[in-house]
Amino acid sequence: MTLQFRGKYHLSHADENAVTCVAFSVNGDYLASGGLGQKLQIFSLADGQLHYSIITPSPIKSLIWLPAVKQVLVCACHSGILMNVIIRPGDTMELNCIRAKHHTVDFMAIDASAVYLATGCGADVRIWKGGKHHHKHDWKGHGTLGIPRKSADNSNAEIVLTGLHWRSSNAGDVRLITTYRYHGIQLWDIEKMSVVLSINMPSPM
């Protein structure tokens, strides 16, 4: 049996030519989109209509709906501002923000339990821990990861982060994979803030 997709809505984002990220809510009620034009928009998938529009302080680089909370969206702005967008019953909305000093964001990832959040750009990767109350879910700084190990092949190369990926371990440890353009892959134990495995990659031709 072939899986087929048919168009349902044409959602017009205000930054139609510069959309950087989209994300479906956990229960499929909403689609959020963000772009370089500093505008976050949230559409209802029941009718395809724009329900919320928010001007952000800087371009939006990543959007994630919390996996353990149905209607909480985390928006990462390039300037280091993290916004929690909380949709309440009755279509009311609440915003709370934090700003990471001297930190820009190109990548963001959240673990399956929605306890830990990772953000990063270049050589700077930071870990945040969520508050106990999911109705607000404040993020507190948990730590900064060290730079990846260098080798003879990449000792002079710029450190460029290319991805953040959470994984579950059989022992129940919380682990994060960081990938780099020239400096390979690292597996981190986030509770201990230590490197479990480091894989160097040959330099590009």
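How many aromatic pairs does the structure hold? In this predicted model, the structure holds three aromatic pairs.

A pair of aromatic rings is described by the distance of the centres and the angle of the planes. For Y30 and W65, the ring centres are 6.3 Å apart and the planes stand at 15°, so this pair is stacked; the cut-off for stacking is an angle under 30 degrees. Y30 belongs to strand β2 (residues 30–35) and W65 to strand β5, so the pair ties together parts that are 35 residues apart in sequence. Ring pairs also bring in Y52, linking Y30, Y52 and W65 into a cluster.

A residue counts as buried under 20% relative accessible area.

| Residue | Relative accessible area | Class |
|---|---|---|
| Y30 | 8% | buried |
| W65 | 5% | buried |

Strand β5, which holds W65, is also part of a sheet. Four strands form this open sheet, in the order β5-β6-β7-β8, and their pairing is antiparallel. At its edges are β5 (60–65) and β8 (92–99), each of which pairs on one side only. On average, neighbouring strands of the sheet are turned by 20° against each other, direction ignored.

Within the sheet, strand β6 (residues 72–77) pairs with strand β7 (residues 81–88) in the antiparallel sense, over five bridges. Opposite C75 stands M83 in β7.

How values were computed:
Residues are numbered from 1 along each chain as its sequence is written. This is a predicted model: local features need pLDDT of at least 70, side-chain atom pairs count only at pLDDT 80 or more; totals for chains, interfaces and linings use all residues. Side-chain values use heavy atoms; hydrogens and water are left out. Two strands pair if DSSP finds at least two bridges between them. Helices (H or I, at least four residues) and strands (E, at least two) are DSSP runs, numbered from the N terminus. Axes are lines fitted to C-alpha atoms, for helices over the stretch in contact, and angles run from 0 to 180 degrees between N-to-C directions. Rings of Phe, Tyr and Trp (its six-membered ring) pair if their centres lie within 6.5 Å; planes under 30 degrees apart count as stacked, over 60 as edge-to-face and the rest as tilted. Buried means under 20% relative accessible area, exposed over 50%, partly exposed in between (1.4 Å probe, protein chains only).
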